[in-house]
Amino acid sequence: MHEQIARPLYYLGVHLLYASLVWLVAWLLTSIPHGSGTIKHWIWVATSLNFMLPLGAVVDESLASHFGWASPLGIIGGVGLRIAEDGVLSAILGTAWLLGTALMLTRLCLRLRAERRALQGFEDSSGDHKTPMFFAQGVPVRFGRASQPPSVDGLLRPRIFLPRGIDRLLSKDELDAVLLHEIAHAKRRDNLIRLVHEIGLCALWFHPLVWITGARLSLYRELSCDEYVIRGARGRDLVSALAKLAHPDRPFLLHATASSFLSLRIAHLTTPQPKTGRVASRLLAMTFGAVLVIGVFQTVAHTACCFLAKH
């Protein structure tokens, strides 16, 4: 009975240790000033997925017994055994995790429900909501309630929603820049990526690095979409559009996530990218990929499937 509890705890510990080490590398790499925001965004996407996919534990379970040099992580195994042997502690920790997960799932469902209601009001104000107003690079774009910020809805088939009257506030070039930013969100399925991370957060709510990963994802999600605008030669237009949309007296305000990084976004948009930026981006991607691969085998090198059986 103890082994049935201790074994999953051991592999959970191995997984979280490996994922936390990968997180540390991601933090260090993305803290380097140079490099593409898009590359840094995908680094954090991979970091988020790494927390949800137990790569270290899976490899440990399936391959570690084939390596004679593998050795167990005694600290992690010892903690798991002590928890398994203490029935009261096991019950307390299990109950706390279940309650926390239930609360996080409820929180996520309430957020999705609120967004759905806001979208329904947005659609109702646009009249005939079955037909898109127009398409931008293949993405349907519609106008709706003036109080809603520019946003993207949908997971697999995203749509862009713009507040009615925004074309009177922004110039044509500024509106094109805003559209390019939203198109980048839509084509990359950012809503789906965000939802996947939040589902993982519901299970790993107790790990602070998973929360920080969500914040980093939000930041680089915006910066990478701004880079898409820069590549379209609309960077200055987006800066002026952001200034208008973020003004407290304006009827159209930015989405809370976008406005929280406003100063960083403007700095990113107005700072010329060095000629070595592309090389730095490739080095970041290759370094992080190497860490993911090497980290798995380093985990195997210090763990063994038969560890718990020896106790």
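**Close-up views of the chain**

**View A. Arg111 and Glu198 form a salt bridge.** At 22% relative accessibility, Arg111 counts as partly exposed. The model shown here, and in every view below, is predicted. The closest N and O atoms of Glu198 and Arg111 are 2.4 Å apart. This pair links distant parts of the chain: Arg111 belongs to helix H5 and Glu198 to helix H8, 87 residues apart. Glu198 has a relative accessible area of 15%. The cut-off for buried is under 20%, so Glu198 counts as buried.

**View B. Glu198 also forms a salt bridge with Arg194.** Here the closest N and O atoms are 3.3 Å apart. Why are Arg194 and Glu198 separated by about one helical turn? They are four residues apart in helix H8. Arg194 is partly exposed, at 24% relative accessible area. Side chains of opposite charge can pair when their charged atoms come close.

**View C. Strand E4 pairs with strands E2 and E3.** Strand E4 covers residues 159-163, and four of its five residues are buried. Strand E2 (residues 139-144) runs parallel to E4, joined by four bridges. Strand E3 (residues 151-153) pairs with E4 in the antiparallel sense, over three bridges. Look for Phe161 in E4. Phe161 is the bridge partner of Arg142. Phe161 is also the bridge partner of Ser151.

**View D. E3 and E4 form a hairpin.** Five residues lie between the two strands. In the turn, Gly154 has a positive phi of about 105°. A salt bridge joins the side chains of Asp153 and Arg159, at 2.8 Å from N to O. Is Asp153 buried or exposed? Asp153 counts as buried, at 16% relative accessibility. Arg159 has a relative accessible area of 23% and is partly exposed.

**View E. The largest nonpolar core has 27 residues.** Trp44, Phe51 and Phe288 touch the most other members. Helices H1 (2-30), H2 (37-52), H5 (87-124), H8, H9 and H13 (277-301) each give two or more residues to this core. Which element gives the most? H1 does, with seven residues. Apart from this core lies another, of 25 residues, which includes Val152, Ile160, Leu175 and Leu269.

**View G. Tyr11 sits in helix H1.** Tyr11 is buried, with a relative accessible area of 10%. Tyr11 and Pro54 are 43 residues apart in sequence. In space, C-alpha to C-alpha, Tyr11 and Pro54 are 8.4 Å apart.

**View H. Four residues form a nonpolar patch on the surface.** They are Leu12, Trp97, Leu98 and Phe206. Together they have about 360 Å² of accessible area. Phe206 lies in the loop between helix H8 (190-203) and helix H9 (208-231). Phe206 counts as partly exposed, at 36% relative accessibility.

**View I. Five charged residues are linked in a network of salt bridges.** The members are Lys172, Asp173, Asp176, Arg234 and Asp237. How many salt bridges does a search of the whole structure find? It finds 14.

**View J. The whole protein chain has 13 helices and four strands.** Buried residues make up 45% of its 311 residues. The chain exposes about 16400 Å², and carbon and sulfur atoms supply 66% of that area.

Conventions
Residues numbered from 1 in each chain as written. Predicted model: local features only at pLDDT ≥ 70, side-chain atom pairs only at ≥ 80, totals over all residues. Heavy atoms only, no water. Buried < 20%, exposed > 50% of the residue type's maximum accessible area, 1.4 Å probe, protein only. Pairing = 2+ DSSP bridges. Patch = residues over 30% accessible without salt bridge, like charges linked within 9 Å, V, L, I, M, F, W, Y side chains within 5 Å. Areas by Shrake-Rupley, 256 points an atom, 1.4 Å probe, with all protein chains shown as cover. Core = buried A, V, L, I, M, F, W, Y, C linked by side-chain atoms within 4.5 Å.
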